[in-house]
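Please read the following report alongside the sequence and the coordinates.

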Amino acid sequence: MKLVIITKTKLTTKPISTSFKKITLDEIESVAQLERESSKNPWSKKQLSESISNPNNLGYLLLVQSKVIGYIIAVPSLDSADILNLAVHKYFKRKGYGSSLIDHLSMNLKKRDIKTNRAVLVQKIILKKYLLR
């Protein structure tokens with residue numbers, strides 16, 4: 001008779017430290033590099049600087065362990081917002097980080113009493129990508 005011992009272990013994941021930060025011109029190099037790496041038609045550093053400097057626009061960085069891995073820039077209107085640009089580093093794509101940026105934007109729009117629907121923001125992104133093909 002053979003005795004077999006089976007040990008079941010629980011799959012664990014190490015939590016990743018993420019945070020959001022308002023984009024400033026101090027991060028323009030990181031944002032521009034991420035833009036070049038993630039877009040077929042990247043914005044120039046000048047375009048990014050103008051968008052970041054515009055007081056009407058909202059721009060947020062997504063940081064993982066203090067490294068910039070994504071950003072979003074949007075212009076709010078009375079009842080929604082138009083996402084001007086969104087990028088996530090290639091190693092972090094398809095892991096929910098883009099959704100996190102949209103959720104963070106949506107939360108900040110609500111703080112400004114702009115009652116936008118997250119689904120509307122996502123639809124605008126999909127439409128914009130479709131039209132740029």
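## Backbone turns with positive phi

Just after α3, D113 adopts a positive phi of about 60°; helices here are DSSP runs of H or I with at least four residues, strands are DSSP runs of E with at least two, and both are numbered from the N terminus. The model is a predicted one, in which local features need pLDDT of at least 70 and side-chain atom pairs count only at pLDDT 80 or more, while totals for chains, interfaces and linings use all residues. Residues are numbered from 1 along each chain as its sequence is written, and side-chain values use heavy atoms, with hydrogens and water left out.

Most residues other than glycine have a negative phi. Q65, in the loop between β2 (58-64) and β3, has a positive phi near 50° and is not a glycine. R94, which belongs to the loop between β4 and α3, likewise is not a glycine and has a positive phi of about 65°. Q65 is exposed at a relative accessible area of 53%, and R94 counts as exposed at 86%; the classes are buried under 20% relative accessible area, exposed over 50% and partly exposed in between, with a 1.4 Å probe and protein chains only.

## Helix α3

Helix α3 comprises 15 residues, 97-111, and at 1.5 Å a residue it should span 21 Å, which agrees with the 21 Å between its end C-alpha atoms; the expected span is 1.5 Å times one less than the number of residues. The buried residues of α3 are Y97, G98, L101, I102, H104, L105, S106, N108 and L109.

Two of these residues can be described further. H104 is buried at a relative accessible area of 14% and touches F20 and Y60, residues up to four places away in sequence not being counted; contact here means heavy atoms within 4.5 Å. Y97 is buried at 11%, and the one aromatic pair found in a search of the whole structure is formed by the rings of F92 and Y97, whose centres are 5.6 Å apart and whose planes stand at 80°, so the pair is edge-to-face. Rings of Phe, Tyr and Trp (its six-membered ring) pair if their centres lie within 6.5 Å, with planes under 30 degrees apart counted as stacked, over 60 as edge-to-face and the rest as tilted.

## The sheet and its helices

Four strands form an open sheet in the order β1-β2-β3-β4, with antiparallel pairing; two strands pair if DSSP finds at least two bridges between them. Its edge strands, each pairing on one side only, are β1 (18-22) and β4, and neighbouring strands are turned by 20° against each other on average, direction ignored. Strand β2 is joined to β3 by seven bridges in the antiparallel sense, with G59 opposite I73 in β3. Strand β3 (residues 67-76) also pairs with β4 (residues 81-88), again antiparallel and over seven bridges; I72 has L86 in β4 as its bridge partner, and a hairpin of four residues connects β3 to β4.

Helix α1 (residues 28-38) lies across β2, β3 and β4 and runs at about 90° to β3. Helix α3 packs on the sheet as well, touching β1, β2, β3 and β4, and its direction makes about 135° with that of β2. For these angles, axes are lines fitted to C-alpha atoms, for helices over the stretch in contact, and the angles run from 0 to 180 degrees between N-to-C directions.

V75, in strand β3, is partly exposed at a relative accessible area of 25%. The C-alpha atoms of V75 and P55 are separated by 9.6 Å, the two residues being 20 apart along the chain.
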